[in-house]
Amino acid sequence: MSKRLTKNSILVVSENQVSADVSPDPAGQMIILDLQNGTYYELNETGTCVWKLMQKPVDIQTMLDTLLAKYEVDAKQCESDLLLLLDDLITRGLVELKNGENP
Amino acid sequence: MKLDGRQQSENTNEGLFQYVGYQLKIHSYLYLPELSPVPVPSSEFCDIQITLGDVESHPENIDEAGRGFWVEGDQACYSLRDVGTFLVTAGRHILVEPHSQAPEEALRLCILGPALGLALHQRGFFTLHASAVAVAGAGVAFLGGHAWGKSTMAAILRERGHALISDDLTALEQSGKSIVPAFPQLKLWPDALSSLGCSPAVLPQVHPALEKRALRFKQGFATSSVPLRRLYILAIGETVTIESIPPTQAFEDIVCHWYGARFGPDFVKSLDLRQHFLRIAQLARTVPVRRLQRPATLLSDPGLAGAIEYAILEDLGAS
């Protein structure tokens, strides 16, 4: 588990970005625009799913549960992939940590 | 009436021409034969006024091609070396300061291209570097860079009975759902004109230094807005094929072919980026974006025009 993230960490998308689904498919294809530097990011299907959840503050456990219910993936692999993605999104300032610590 | 035959109504101001373009009333002190004259002139109201005068100098970024640009508040200013400076304010006014040696055709290219493009943008239209045609009533736009064959594509379809909507500068209504009729002109290279059975020599050049000619007509032009059904990105290939492209690519293509892209990063920075982004994303999500590939021999092979028309009709029927 990443240093700054635990399963109870609550995350939400930042104010410095705008995102939109560019695909007519139900699975979606999310594109994010970083309003501070004009960079575009594209998320894959699972990334899009997680991103949609983070429109409201959500804890990592809930994200994991949603992903595991939706996709046939190995739980351990899913968790490490998710943490990698979230860590990256936080580093880029696209996602904010609402509470870093366990309650 | 002046001796040169330019149309002028006696009950309007001296030297004021009244036109319609992009469904807007345009009053101009410059003669713009590309636009359609208003059926009933009235001096009371216009959407866009085009006047001649001095544009106050302002620091601007000038590129290697001699194009200058600056934007501030509701004003944007485009300039072209040896042609002139065009100050566009709040989508209502285009102030033109011509260079003393500027050929009239070159001035008109700038007015009806970049300057009008900025005015349409300021008025809330979404502008594309594209030509558009109503194919069996469905609005289709052909997107591409300089000399990718946008106008040729529009010309061959118009020749087959489909109404032209716009050439080079395409404006979508605020909602992005329909294409606004621009004005009845196509700018074509001599080879394209010859293959359409027109003699290039008798048509006016769009610019003294450009061999491109202006083909103007009264028939075969859309009279009202047309619902937008397809965006086709033009490409060259061995056969005529239409293929869908992934949503992210579609989004990027629209970003690239947005008409405002030519004004550079300063213009992008002046935008409400959030709104601009959401508009493009919505277009990519709601309008099918396809890659339309056709052989480079478009003009020499008489069968290709029909093949393209057929492929588009088939694509439109598939949805």
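Two residues are taken to be in contact if their C-beta atoms, placed from the backbone, lie within 7 Å. On that criterion A:Met63, A:Leu64, A:Leu67 and A:Leu68 in α2(A) meet A:Ala75, A:Cys78, A:Glu79 and A:Leu82 in α3(A). These residues divide into 7 nonpolar, no polar and 1 charged, where Ala, Val, Leu, Ile, Met, Phe, Trp, Tyr, Cys and Pro count as nonpolar, Asp, Glu, Lys and Arg as charged, and the others, Gly among them, as polar.

This is a predicted model, in which local features need pLDDT of at least 70, side-chain atom pairs count only at pLDDT 80 or more, and totals for chains, interfaces and linings use all residues. Residues are numbered from 1 along each chain as its sequence is written, while chains are lettered from A and ligands numbered from 1 in the order in which they are written.

Helices (H or I, at least four residues) and strands (E, at least two) are DSSP runs, numbered from the N terminus.

| Element | Residues |
|---|---|
| α2, chain A | 60-70 |
| α3, chain A | 75-91 |
| β15, chain B | 185-188 |
| β16, chain B | 205-207 |
| β17, chain B | 210-216 |

The axes of α2(A) and α3(A) come within 10 Å and cross at roughly 130 degrees; axes are lines fitted to C-alpha atoms, for helices over the stretch in contact, and angles run from 0 to 180 degrees between N-to-C directions. The two helices are therefore oblique to each other, since angles under 35 degrees count as roughly parallel, over 145 as roughly antiparallel, 65 to 115 as roughly perpendicular and the rest as oblique.

In chain B, 3 strands form an open antiparallel sheet in the order β15-β17-β16, pairing being assigned if DSSP finds at least two bridges between two strands. The edge strands β15 and β16 of chain B each pair on one side only, and the twist averages 40 degrees from one strand to the next. Between β16(B) and β17 of chain B there are 2 bridges, and B:Gln205 stands opposite B:Arg213 in β17(B).
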